[in-house]
Amino acid sequence: MGKVLYIAEKPSVAQEFAKALHLRTSRKDGYLETDDAVVTWCVGHLVTMSYPEVYDEKYKKWSLDTLPFLPEEFKYEVIQSVSKQYKIVSKLLNRSDIDVIYVCTDSGREGEYIYRLVEQMSGVKGKIRKRVWIDSQTEEEILRGIREAKDLSEYDNLSASAYLRAKEDYLIGINFSRLLTLKYGNSISSYLNKKYSVISVGRVMTCVLGMVVRREREIREFVETPFYRVIDRIDLNGQMLEGEWKAVEGSNYFQSPKLYKENGFKEKRDADELIHYLMESKPVKCKIDSIEKKKEKKNPPLLFNLAELQNECSKRFKISPDETLRIVQELYEKKLVTYPRTDARVLSTAVAKEIHKNLNGLMKYDAVVPYLNDIVQMGSYKGLAKTRYVKDSQITDHYAIIPTGQGLGALKSVSSLSARVYDLIVKRFLSIFYPPAVYQKVSIVSSVRSEKFFSNLKMLAEEGYFKVTGVPGSKKNDKSSTSPEGYEEDSSDENANQEMFQMIQTIRKGMEFPVYSFETKEGKTSPPKRYNSGSLILAMENAGQLIEDEELRAQIKGSGIGTSATRGEILKKLFNNKYLMLNKKTQVVTPALEGEMIYDVVNHSIRSLLNPELTASWEKGLNYVAEGQITDEEYMIKLEKFIISRTQGVLGLNNQSELRRCYDYASQFYKKSHNEKNK
């Protein structure tokens, strides 16, 4: 009987597989070996797509005559810097004494692609090939993955979508970068007084650039509008209750052109006139028209997927999505958390049944032992499978990021920032076993003469899951804490003290109270917010929309731009190209002048590349290939048609003077840096 070969994506992962299998290996050059098994590894990608000049020397020179470039068969080559490891892996794959190959690369589209390229390049034949699909690197999960490994052919559709994603990025990047550089590169370089400008275009990258530039232009074009609200203060036997005037039906100002919306005036004099009217009758009293009391439940949020975690870490720790991925990947490799490159925010039924193992393991993490004791006492982990945190239909490759409950000794060897990210993941996980937080809300409508005032109070009645995460807006939850929601809401949300609530219990409809004062408050309309690195990742996940509500986000899941594994890297490329700028302290993202000029070029040539919905539909198409709903041939035909038609369209354009006006418009907002370059 021949040997078994295990091939992992990295040396560290290969070591974990050898350890989990209890193999007493001898160390060889680039692999480990025993009498009946061999463990080897890639070092990320070992094989890549060849440059166009490999097909034909004529493609080395960028020329409009050679576009579009659409090879009938794609060529691949070994990456020179890792050729030694490729030769080792290739030789092992073809060794006559190896009968079975276990593919243990990362469980996702990219991990599949890494292995398939090596196998293709090596010409592997006549071997049994099994795919290991795991959600963490714990010994138990590794052994389960090997035990339940399926034939590699069952992942052929996933492999096809991986190849297509690479071909699409390659063809769009090469064709459109060359096309737009040759057509417009000189106009950009001469305007910026540079030697040359390459217009780098990408399927996802260009779309994200467009999102940021459009947002910046919305902010520039925003016109601030002042408005004036009228506030009263009612004396409830020593407790002051504020109310806001609204021009509802019955008001002297109902649907008046003087209004800015229903709760303010366009001019201060009109607000002052209202106050004068209200104070004409002395003493000034208000009458309680209605009082409504209700309880509002706030459920623990869904679990982290990578995008949510990147957004959270950007806000809390001011780190980039790329840095968050690096940290959570490190935590995964140290067995502390489950697979990070996931889009799911829920768990599977199978995992829910075994969740007590994760909880038991966390008993060694002192910081959360009190919460674990609560969970044991409540017994809430027993009914987890019936909650909104478990839904098999919302999981494609992997479930949400949660702590494994293992590897806790490794926490001593990670940075303090990594430890805080781990704590964030743990507390989000534990919060789902707690009941909702409950707010007591009171809405009071009062009237002074013919005008109505509205008062809303909110007080935390039951702590619920806030016991784990901290109460939103409370001062103790500063931004350095690990309470997941410590900064999310203004403390004015919880604007009533216990004494006020006790007083309100005695209030009845029809009662009258003295009005202590009226006041005019000036407000101003606000421009849209700039993206920060985290909110940009969320917007990418949601097809270009920054959706704050997590229920709405769940509804359009699967319509994102890019994938959880690639979004951080795409942003990094945009920063490195100096198309976008990142403020490292605040993580706020803004365009650079060259990036804005490239936006104008694309907008006037291949506008559809800036369309988030179109970019998201391509990503969805790749998912359809992975699911077997369409063939890779069908997808490729559409892609080639798109490239041909857009190339022909650009070749027929004559819009240089129009673009010059666009450059002039954009450059006025970068006067300082632009002038310095031209000195």
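**Salt bridges, barrel and buried residues in a predicted model**

Visitor: How many salt bridges does a search of the whole structure find?
Guide: The structure is a predicted model. A search through the whole of it finds a number of salt bridges that comes to 45.

Visitor: Which parts of the chain does the salt bridge of glutamate 596 and arginine 220 link?
Guide: The side chains of glutamate 596 and arginine 220 meet at 2.6 Å, N to O. The two residues are 376 residues apart, so the pair counts as a link between distant parts of the chain. Glutamate 596 belongs to helix 20 (residues 593–603), and arginine 220 to helix 7 (residues 205–221).

Visitor: Is glutamate 596 buried or exposed?
Guide: A residue counts as buried under 20% relative accessible area. Glutamate 596 has a relative accessible area of 0%, and therefore it is buried.

Visitor: Where do lysine 427 and aspartate 423 lie, and are they buried or exposed?
Guide: The side chains of lysine 427 and aspartate 423 form a salt bridge of 3.2 Å, N to O. Both residues lie in helix 14 (residues 416–431), four residues apart, which is about one turn of the helix. Relative accessibility is 13% for lysine 427 and 6% for aspartate 423. Lysine 427 therefore counts as buried, and aspartate 423 likewise counts as buried.

Visitor: Which residues are linked in a network of salt bridges?
Guide: Some salt bridges join into a network. Its members are Arg109, Glu110, Arg165, Glu168, Asp169, Arg203 and Glu619.

Visitor: In what order do the strands of the closed barrel run?
Guide: The barrel has six strands, with antiparallel pairing. Neighbouring strands of this sheet are turned by 35 degrees against each other on average, direction ignored. The order of the strands is 10-11-14-13-12-15.

Visitor: How many bridges join strand 13 to strand 14?
Guide: Strand 13 (residues 437–448) and strand 14 (residues 451–462) run antiparallel. Glutamine 440 has methionine 459 as its bridge partner, and serine 443 has asparagine 456. The number of bridges joining the two strands is eleven.

Visitor: Which residue in the hairpin of strand 13 and strand 14 takes a positive phi?
Guide: Two residues stand between the strands of this hairpin. The positive phi, near 55 degrees, is that of arginine 449.

Visitor: In strand 14, what is the bridge partner of glutamate 244?
Guide: Strand 11 and strand 14 run antiparallel and are joined by three bridges. In strand 14, the partner of glutamate 244 is phenylalanine 454.

Visitor: Against which elements do the buried residues of helix 1 pack?
Guide: In helix 1 (residues 11–20), the buried residues are Val13, Ala14, Glu16, Phe17, Ala18 and Ala20. Histidine 22, which follows the helix, has a positive phi near 55 degrees. The buried residues pack against strand 1 (3–8), strand 3 (31–33), strand 4 (37–41), strand 7 (98–104), helix 5 (139–147) and helix 10 (321–333).

Visitor: With which residues is aspartate 106 in contact, leaving aside its neighbours within four places in sequence?
Guide: Aspartate 106 is found in the loop between strand 7 and helix 4 (109–122). Its relative accessible area is 10%, so aspartate 106 is buried. Beyond those neighbours, its contacts are Glu9, Gly111, Glu112, Arg131, Gln329, Tyr339 and Arg341.

Visitor: Which residues form the nonpolar patch on the surface that includes Trp62?
Guide: Tryptophan 62 is placed in the loop between helix 2 (52–55) and strand 6 (76–78). At 33% relative accessibility, tryptophan 62 counts as partly exposed. The patch has about 520 Å² of accessible area together, and its residues are Trp62, Leu64, Leu182, Tyr196, Val198 and Leu651.

Conventions:
Residues numbered from 1 in each chain as written. Predicted model: local features only at pLDDT ≥ 70, side-chain atom pairs only at ≥ 80, totals over all residues. Heavy atoms only, no water. Patch = residues over 30% accessible without salt bridge, like charges linked within 9 Å, V, L, I, M, F, W, Y side chains within 5 Å. Areas by Shrake-Rupley, 256 points an atom, 1.4 Å probe, with all protein chains shown as cover. Salt bridge = Lys/Arg side-chain N within 4 Å of Asp/Glu carboxyl O. Buried < 20%, exposed > 50% of the residue type's maximum accessible area, 1.4 Å probe, protein only. Contact = heavy atoms within 4.5 Å. Pairing = 2+ DSSP bridges. Axes fitted to C-alpha atoms, helices over the stretch in contact; angles between N-to-C directions.
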